[in-house]
Every structure is written in structure tokens, then in C-alpha cells.
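Have a look at the sequence and the structure on the screen, and I'll talk you through a few spots.

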Amino acid sequence: MSESGRPPRGKRNPGGRNSAGRGGRNGGGKPNRNPASEHTRRPSKPPADPARVAARDVLRAVRERDAYANLVLPSLLRERHLDARDAALATELTYGAARARGLLDAVIADAANRPVDEIDGALLDVLRLGAYQLLRTRVAPHAAVATSVDLVRAEFGAGRAGFVNAVLRRVGERSEEEWITLLAPDADRDPVGHLAFRYAHPLWIAQAFAHALGSDASELSDVLAADDARPIVHLVARPGVITAEELALVTGGEIGPWSPYAVHLEHGDPGRLEPVREGMAAVQDEGSQLVARALTLAPLVGEDRGRWLDLCAGPGGKAALLGAIAAIDGFAVDAVEPVDHRAELVRKTARDLPVTVHVADGREPGLEPGYDRILVDAPCTGLGALRRRPEARWRRQPGDVAELVRLQKELLASAIGLLRPGGVVLYSTCSPHVSETVAVVSDAVRRHGVEQLDTRELVPGVPQVGEGPGVQLWPHRHGTDAMFMAALRKPER
């Protein structure tokens, strides 16, 4: 069928259910290619809808360049000077369409009667925006369709605009719930697959969450629903500079429930807040704040001489919080980051703090052993922060885990070697995947003879963190990213 014509109403394409519903046939952020249409774009004046143009442009950057939506969108909004209303709409459409991509692609494939990887990528970006508005927002159906058609007509002309119009009209014939009933796996025969489809997660990630929940696997729908929702902004008040109470008063936010430094904001651009601009506060998930604080609370054997290390410091949020806490007692922090531009981010984030940045590989950083406290916030799949990185769930693949686990074990071994006897390393990941969490820690205990502490005692007042000795946070329980942490103490010889 030509993309300039209406899709036929014949036999449904099973590709919509079997592939797009599992994250789309166009997985991994790879651009769709259709040589017949890639070269027919016609430059013209863009339609006067800055919010949707911005959302489309971010989705295109994500698809074509593997860009990160949460990095591209804020700079684009500032560059184009969108007012607050348009910026809010652009944010909702961008993150919502990126987050729900698997479900949207399954619906689009069925409505178009073809797999999504046979649809030109530029058209697919607009179809995702339109389908998201039709299924998951209060935007009037005629407005969702008309604005999407206008976007395509301005760039490609009437033929392809007609294709988009036809597909979206068919999408709008059913509600989201009706599409789920039609396309999702049967809830009785495949409960995890059904929930993965409903809440727009790849099946393997939903299975990993179920495994991590263990005996609480009945909470899987709550986890996925929380992961599929728009997160609020968490700020961290810099210790010794401003309190959470003062920061909440200045910003109009609410004090966080778990970290003594956390403030929550329901909406707004945190980059425009004076405390953030002045370095008195920063954007940081409350779970990450708890990780840094847990390291400072861990019981040592012997005196804390104030020699601390962040072995995986980029982009610098935890290093800055550790540095601010260390400064109160006259302590100092070394921070290791192997990539130059990320090391520079650490320097900027931790400016005016007792943090020394070393550009080195954490597995062989070349530092003098004898640290009292070491944080290993290891590179990981990031499955615990999918609500804040909306496109990441469709990029990650099961095969990524094994390579990351090898790196995590090597970094943890390096940290243990840099500890003094009686010192503590806190291992953390922004992932609940069992292979990246308890399995890595168990391996370290077995190989290196370290003592695993009850990390639950290092997050006082935080309930439902697991059966121990490690701690697992969850977005549906704590409103944080799904951070894991475990404290290991090096025995005295």
C-alpha cells in the first residue's frame, strides 16, 4: 500500500501484536529507512504549532542520532523560547510518546496494516505523537489528527499527509483499553506479557522486575504503572549551604519523605530556580541521595580519617553530595571518571567543594590505597530510571546485561583493593536486575572475603526496602528510582 493512500481494511497484520507490542520492530533506536520517501521532503515554513514541532524534532533526534530526550528537549525549549504552556505540552508529548512507544507501535502497525519498520521514520515520529494524543491525553481527537497531518503536509506534501490522516483516524476508532484488549497477550495465559504490553515495557524488562520482586511479584503491575507515569522533579539541598526546609520555602516545593536533603517539585523548569543556578541545590533523585548518604552512615572499624572516594563519579551528582557532607567535617573526596567530558561535568557539579577529579579507569585508577569510604555507583542497564529516561527501555537489550555485570564485578574488586582494613565500600546500581545487584554482591563476598553489612540500617525511616542485607528501592513504594545498594566492609587482617 502506498503511504499516500488509506490503509486497507483487510486482514490484520500479526506483526502489530507479535513484534511491535514487544517494543516495536524498530527496536534499539535505529532509524527507519524507506528510500522511496527519504528524499522527498520538501522544505517549507513549519506549521505554527511550536509545541508539537518541538516534540517531533526531539523524537526525530532520538530515532536518527540515538539522542537522549531528557538532554535534547530542555535545550531545545530554551533555544526556541517556548512559553510555559507550549513547553509543558511539548514535554508531555515528547516523554509520553517515547515512554509508550511499544504500545503505540503495536497500535500503529495494526491500524496501518504493516509493521512499523516499513513506515518511513519521519512519518512514524508523527504517528507516535498523534497516537499518544489520541490514546493517552485529553487532546480532542480532531486536534490530535489535524495537527499531526499539518506537520507531515508542511514537510512532505498532501500524499503522505493523507496516509497519516488515515492511520490516525483508525487509531482513534478505539480507546487505549480497547486496543489493549485487541492486541495484548491474554492476561490468564501470559500475565507478565499482558502487563508488559499494557504499561509499555519490553517483555524482558517486565520479567526482570518480577524476578527482582521475588515473593512480592504480585506488585508487578504497580511497578510498571509507576514506571509508566510522569515523574516529578527531585531537588537536593546542598548540606552546609541550605536546608531542605529553606529550599522548599524558596521553590514552593515539598520536603521529601526519606532523604533529609530532598525537595519535590510537581512542575516547572528547575534550571530556572535561583538556588539551582547559584549551586545551592541541584536536580537529583531522592533514591540517589539516599545512596550517597548511606555511604557516610556506614559503620567503620577504626577512625574515619576523611579519605573518601567516588569510583564511578560521572556526571557528578553523588560526588557533589558526598563532597558537601565531607566538607562539614573537613574531609575530602576523590572522584574517578574515565571520560574527559564527563569528568568536566563532575568538576562543574562539585565546584567549590573538596572534590578532586581524576580522569582514569576505575578498574585501574592509579590511586594510593587506604580509603575509609568508597562509593561504587556502577555503570548498569539503568532499568531503575526508565521513567526519567523514556526512550531507554526500547534501547536496552537482554544481551547488554552480561557485559555490564563483568564491568561491575571488576569495579567492585578494584574498590575493595583500595579500601583500608575496616573501611566500607557501598555498591549501588540504578537497576533492580538481580544479575546486577545481589549476584554481583554475592560474588564479591565469596571472592574477596568482605563482610556484608545490613544496609537497611543505613536508610533509617525508609520502609519496605527488602529482606536484607541489601536495600532495594522502588518507584511504586518510595517514589524514587529503583536504586539498589549494598554495604561491604573490609575485614581487619
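Let's start with a quick one: where does Gly-314 lie? It's in the loop between strand S5 (307-310) and helix H17 (317-328). Before I go on, keep in mind that this is a predicted model.

So, Gly-314. The cut-off for buried is under 20% relative accessible area, and Gly-314 has 17% relative accessibility, so it counts as buried. What does Gly-314 contact, once its neighbours within four places in sequence are left aside? Glu-337, Arg-342 and Val-346.

I picked that glycine on account of the record. An unreviewed UniProt entry carries a "binding site" annotation, and Gly-314 is among the residues it covers. The annotation also takes in Cys-312, Ala-313, Pro-315, Gly-316, Gly-317 and Lys-318, and then Glu-337, Asp-361 and Asp-377.

Buried or partly exposed, then, for Asp-361? Partly exposed, because its relative accessibility is 31%. Not counting residues up to four places away in sequence, Asp-361 touches Val-336 and Pro-338.

How many does the structure hold? There are 36 of them, and I'll go through a few.

Take Arg-387 and Asp-285: their side chains meet in a salt bridge, 3.2 Å from N to O. That pair links distant parts of the chain, 102 residues apart. Arg-387 is in the loop between strand S8 (371-377) and helix H19 (392-395), and Asp-285 is in the loop between strand S4 (281-283) and helix H16 (286-297). Both ends are tucked away: Arg-387 is buried, with a relative accessible area of 7%, and Asp-285 also counts as buried, at 6% relative accessibility.

Now set that beside Glu-344 and Arg-347, which form a salt bridge at 3.3 Å, N to O. These two sit 3 residues apart in helix H18 (residues 340-349), so about one helical turn separates them. Glu-344 is partly exposed with a relative accessible area of 39%, and Arg-347 counts as partly exposed at 36%.

If you like clusters, Arg-56, Asp-57, Arg-60, Arg-80 and Glu-155 are linked in a network of salt bridges.

Glu-176 and Arg-136 meet through their side chains at 3.0 Å, N to O. Arg-136 counts as partly exposed, at 22% relative accessibility.

H7 has another partner. Helix H5 (residues 84-99) packs against H7 (residues 121-136) at an angle of about 100°, and the axes are 9 Å apart. Since 65 to 115 degrees counts as roughly perpendicular, H5 and H7 are therefore roughly perpendicular to each other. Which residues meet there? On the H5 side, Glu-92, Leu-93, Gly-96 and Ala-97, and on the H7 side, Arg-128, Leu-129, Tyr-132 and Gln-133. By class, that contact has 4 nonpolar, 2 polar and 2 charged residues.

And that's me done. Who wants to start?

Technical notes: Residues are numbered from 1 along each chain as its sequence is written. This is a predicted model: local features need pLDDT of at least 70, side-chain atom pairs count only at pLDDT 80 or more; totals for chains, interfaces and linings use all residues. Side-chain values use heavy atoms; hydrogens and water are left out. Axes are lines fitted to C-alpha atoms, for helices over the stretch in contact, and angles run from 0 to 180 degrees between N-to-C directions. Helices (H or I, at least four residues) and strands (E, at least two) are DSSP runs, numbered from the N terminus. Angles under 35 degrees count as roughly parallel, over 145 as roughly antiparallel, 65 to 115 as roughly perpendicular and the rest as oblique. Contact means heavy atoms within 4.5 Å. Ala, Val, Leu, Ile, Met, Phe, Trp, Tyr, Cys and Pro count as nonpolar, Asp, Glu, Lys and Arg as charged, and the others, Gly among them, as polar. A salt bridge is a side-chain nitrogen of Lys or Arg within 4 Å of a carboxyl oxygen of Asp or Glu. Buried means under 20% relative accessible area, exposed over 50%, partly exposed in between (1.4 Å probe, protein chains only). UniProt positions are given in the numbering used here, feature names are shortened, and annotations may be inferred rather than shown by experiment.
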